[in-house]
Amino acid sequence: MRKKTLLGLSVMLILIFIIILVVVQFSKKDQIKGFENRLKNNGYEIQEIQKPVSINVHIKPEWIANKTENTKKVEVTILEKNNTKIILENVQYRENDIYFTFKTSTKINKDDSVFLSNNVFNADGTSHAYTPNNLFEITTSKKEIIPLGQTAFEENSGFSFGVPVENYHSIKNGFDLKYSGFILYSYFKN
């Protein structure tokens, strides 16, 4: 009898956990969709103001993962510009590179404002990543330019890049990042 009760309780806890995960995932998708709807489908017009917009930030040594840490959860806002926060989310020391992941958070007003995005918004309501040449430039305090490895772009204007592990010694004391992949948009209600 006791085994059946424990089994039933375990199954119920697993089901509750799955339901919570599904609700969290749907709410995240709704937040993303709400942002897109507000800008594209709810009577707002988007206008490109400037392309590209560059950001320059300093990546501090304490944010850089090393061989023993593997992944360092950073979650620090490194810049706020045009109602957009650029956040260093995490840094991973992987087999071939040190991988930096950034996300953005945009404050959208009800009437009109500006924001940064690395997405190009198409007239048909779709969007795609803006990826011109020379998006990233990493320089050390000695003004040495560090080559990059893999790069990636997220749906919500996030971006990532890898620095080959053989360059760890060059970046471990921090570095400057210039990212030239944003577009400045304005939006207003029609």
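The model is predicted. Its mean pLDDT is 82, and 78% of the residues reach 70 or more. One stretch needs caution. Over residues 21-34, pLDDT stays under 50. For that stretch the model has 2 contacts beyond four places in sequence.

Start with the nonpolar interior. In soluble globular proteins, nonpolar side chains tend to be buried together. Here the largest nonpolar core holds 30 residues. Ile59, Phe100 and Phe102 touch the most other members. The elements giving two or more residues to this core are strand 1 (44-59), strand 2 (71-81), strand 3 (84-93), strand 4 (97-106), strand 8, strand 11 (159-164) and strand 12 (175-189). Strand 12 gives the largest share, 5 residues.

Leaving aside neighbours within four places in sequence, isoleucine 59 is in contact with Ile64, Ile78, Leu88, Phe100, Phe102, Gly174 and Phe175. Another core, of 9 residues, lies apart from the largest one. Tyr44, Phe115, Ile183 and Tyr185 are among its members.

Now the rings. The structure has 17 aromatic pairs. Phenylalanine 102 and phenylalanine 159 form a stacked one, at 4.8 Å centre to centre and with 15 degrees between the planes. Phenylalanine 102 lies in strand 4 and phenylalanine 159 in strand 11, so this pair ties together parts that are 57 residues apart in sequence.

A second stacked pair joins phenylalanine 115 and tyrosine 185. Their ring centres are 5.4 Å apart, and their planes stand at 25 degrees. Angles under 30 degrees count as stacked, so this pair qualifies. Phenylalanine 115 belongs to strand 5 (residues 113-117) and tyrosine 185 to strand 12, so the pair ties together parts that are 70 residues apart in sequence. Phenylalanine 115 is buried at 0% relative accessibility. Tyrosine 185 is buried too, at 3%.

The rings also group. Phe100, Phe102, Phe136, Phe153, Phe159, Phe161, Phe175, Tyr179 and Phe182 form one aromatic cluster.

Threonine 139 is a polar stop on the tour. Threonine 139 lies in strand 8 (residues 136-139). At 14% relative accessibility, threonine 139 counts as buried. Beyond four places in sequence, threonine 139 is in contact with Glu144, Ile145, Phe175 and Asp176. Its C-alpha atom is separated by 9.6 Å from that of histidine 58, 81 residues apart along the chain.

The structure holds 5 salt bridges. Which partner does aspartate 97 bridge to? That partner is arginine 94, with the closest N and O atoms 2.8 Å apart. Aspartate 97 is buried, with a relative accessible area of 8%, whereas arginine 94 is partly exposed at 29%. Shared partners join the salt bridges of Lys73, Glu75 and Lys103 into one network.

Lysine 72 and glutamate 69 form another salt bridge, with 3.3 Å between the closest N and O atoms. Lysine 72 is buried at 18%, and glutamate 69 is partly exposed at 33%. Glutamate 48 bridges to lysine 51 at 3.8 Å. Glutamate 48 is partly exposed at 44% relative accessibility, and lysine 51 is partly exposed at 39%.

Key
Residues are numbered from 1 along each chain as its sequence is written. This is a predicted model: local features need pLDDT of at least 70, side-chain atom pairs count only at pLDDT 80 or more; totals for chains, interfaces and linings use all residues. Side-chain values use heavy atoms; hydrogens and water are left out. pLDDT is the predictor's confidence in each residue, from 0 to 100. Contact means heavy atoms within 4.5 Å. A salt bridge is a side-chain nitrogen of Lys or Arg within 4 Å of a carboxyl oxygen of Asp or Glu. Buried means under 20% relative accessible area, exposed over 50%, partly exposed in between (1.4 Å probe, protein chains only). Helices (H or I, at least four residues) and strands (E, at least two) are DSSP runs, numbered from the N terminus. A nonpolar core is a set of buried Ala, Val, Leu, Ile, Met, Phe, Trp, Tyr and Cys residues joined through side-chain atoms within 4.5 Å. Rings of Phe, Tyr and Trp (its six-membered ring) pair if their centres lie within 6.5 Å; planes under 30 degrees apart count as stacked, over 60 as edge-to-face and the rest as tilted.
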